[in-house]
Amino acid sequence: MSHLNDVGFTLYGQTFTSRLLLGTSRYPSPQILEDAIQIAQPAMVTASLRRQGANPSEISSGFWDLLKKLNIPVLPNTAGCHRPEEVIQIAHMAREVFNTDWIKLELIGDDYTLQPDTLNLVETAKTLLKDGFKVLPYCTEDLVVCQRLVDVGCEAIMPWAAPIGTGMGPSNPYALQILRERIQVPMIVDAGLGLPSHATQVMEWGYDGVLLNTAVALAQNPTQMALAFSLAVQAGRQAFHAGAMPANHVAQPSTPTLGTPFWHQS
Amino acid sequence: MIIFVNQVKKELSESLHLDALLHELQPKNPFAISINSQFVAKAYYSTTLVQDNDHIEIISPVTGG
């Protein structure tokens, strides 16, 4: 009975009651973004930094005012960075702008798949940790890379389910399940989820949370989908704690066979 | 001298400190600054001298995933 009320999870000493982290991009309107966040009540919302004036609609849309109004922790990202030096500089700029030590470390190694540059990810994470950041690295499901990230001090990691924005759902279930078994720190599945059932699936495997954006933002009704994901994450967590029955290849009637009317020994 | 602000060329009649340049540019809050790809913290605006051919980036919050 102890897990019926999920107490949430802890990242870098901070406890979050929600296990859903929500991106803020690609929504049809600022109002729909706000509605989606209000109904999902995520642990954090992600944000980014771009040149002032590069996208006037976003600068003037009151996004900053919305973040202040919502009062939900902001997780700045380093999206679009291809070199460790860029990541470090953007992280420091984000810390000043958003007044937070949280950073979603994105170091892109391939533009087609937006796959993280795992060869440079660990050293970059190490530098950011040394600079006092609470680093949440976006990584692949590669067990060794994930373990190295933990070894350098990452207190949580964020493996992808599939490439960003694809909505394909977990493309390598085996690796994600093995990863969950082997890595002891909190893990948040980030990127590639398209359906609430995908979120439930990874939560059933024991992941601590999910981070998603496009699956909600591009839904026909983003606010309703935000609620659906919020409930799906909770359902998956409850199922993980409940413990699933072992699967069988042979049918077993759930109704007792003893005393079945009209039944005769053949 | 010539500088570049968010990739736009700008001519300055004299060398000036970053805080003076920002006073002139009036960027929208909140923002952060880098010069030649190096972050410049707010505490250093008044002591950072803008140099010829500097590339200055003024960045602000946007939505992100």
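Reader: Which strands form the open sheet in chain A, and in what order?
Author: Three strands do, in the order 6-9-10, and their pairing is parallel. Strand 6 (102–105) and strand 10 (158–159) of chain A are the edge strands, each pairing on one side only. Strands here are DSSP runs of E with at least two residues, helices are runs of H or I with at least four, and both are numbered from the N terminus. Two strands pair if DSSP finds at least two bridges between them.

Reader: Before I go on, what kind of model is it, and how is it numbered?
Author: This is a predicted model, where local features need pLDDT of at least 70, side-chain atom pairs count only at pLDDT 80 or more, and totals for chains, interfaces and linings use all residues. Residues are numbered from 1 along each chain as its sequence is written, while chains are lettered from A and ligands numbered from 1 in the order in which they are written.

Reader: Thanks! Which residue stands opposite A:Tyr138?
Author: That is A:Met158 in strand 10 of chain A. Strand 9 (residues 134–139) of chain A pairs with strand 10 of chain A over 2 bridges, in the parallel sense.

Reader: What packs on that sheet?
Author: Helix 5 (residues 118–130) of chain A does, touching strand 6 and strand 9 of chain A. The direction of helix 5 makes about 170° with that of strand 9 of chain A. Axes are lines fitted to C-alpha atoms, for helices over the stretch in contact, and angles run from 0 to 180 degrees between N-to-C directions. Contact means that the C-beta atoms of two residues, placed from the backbone, lie within 7 Å.

Reader: And at what angle do helix 5 and helix 6 of chain A pack?
Author: About 10°, with the axes 9 Å apart; helix 6 of chain A covers residues 143–151. The two helices are therefore roughly parallel to each other, a label for angles under 35 degrees. Helix 5 of chain A brings A:Thr118, A:Leu121, A:Val122 and A:Ala125 to the contact, and helix 6 of chain A brings A:Val145, A:Arg148 and A:Leu149.

Reader: Switching topic: which residues touch the most other members of the largest nonpolar core?
Author: A:Val210, A:Val216 and A:Phe229, in a core of 90 residues. Helix 4 of chain A gives the most to this core, with 8 residues. A nonpolar core is a set of buried Ala, Val, Leu, Ile, Met, Phe, Trp, Tyr and Cys residues joined through C-beta atoms within 7 Å. Buried means that 20 or more other C-beta atoms lie within 10 Å of a residue's own, with C-beta atoms placed from the backbone.

Reader: What about the strand around A:Val210?
Author: Strand 12 (residues 209–212) of chain A is covered on both faces, with A:Gly209 and A:Leu211 buried on one side and A:Val210 and A:Leu212 buried on the other. Strand 3 (residues 20–22) of chain A pairs with strand 12 in the parallel sense over 3 bridges, and A:Leu21 has A:Leu211 as its bridge partner. Strand 11 (residues 188–190) of chain A also runs parallel to strand 12, joined by 3 bridges.

Reader: Last one: how many residues does each chain give to the contact between them?
Author: Chain A gives 27 residues and chain B gives 21. Strand 4 of chain A is joined by 5 bridges to strand 5 (residues 55–63) of chain B, and these run antiparallel. One of the partner pairs is A:Leu49 with B:Pro61.

Definitions and conventions
A residue is buried if 20 or more other C-beta atoms lie within 10 Å of its own, exposed if 12 or fewer, and partly exposed in between; C-beta atoms are placed from the backbone. Angles under 35 degrees count as roughly parallel, over 145 as roughly antiparallel, 65 to 115 as roughly perpendicular and the rest as oblique.
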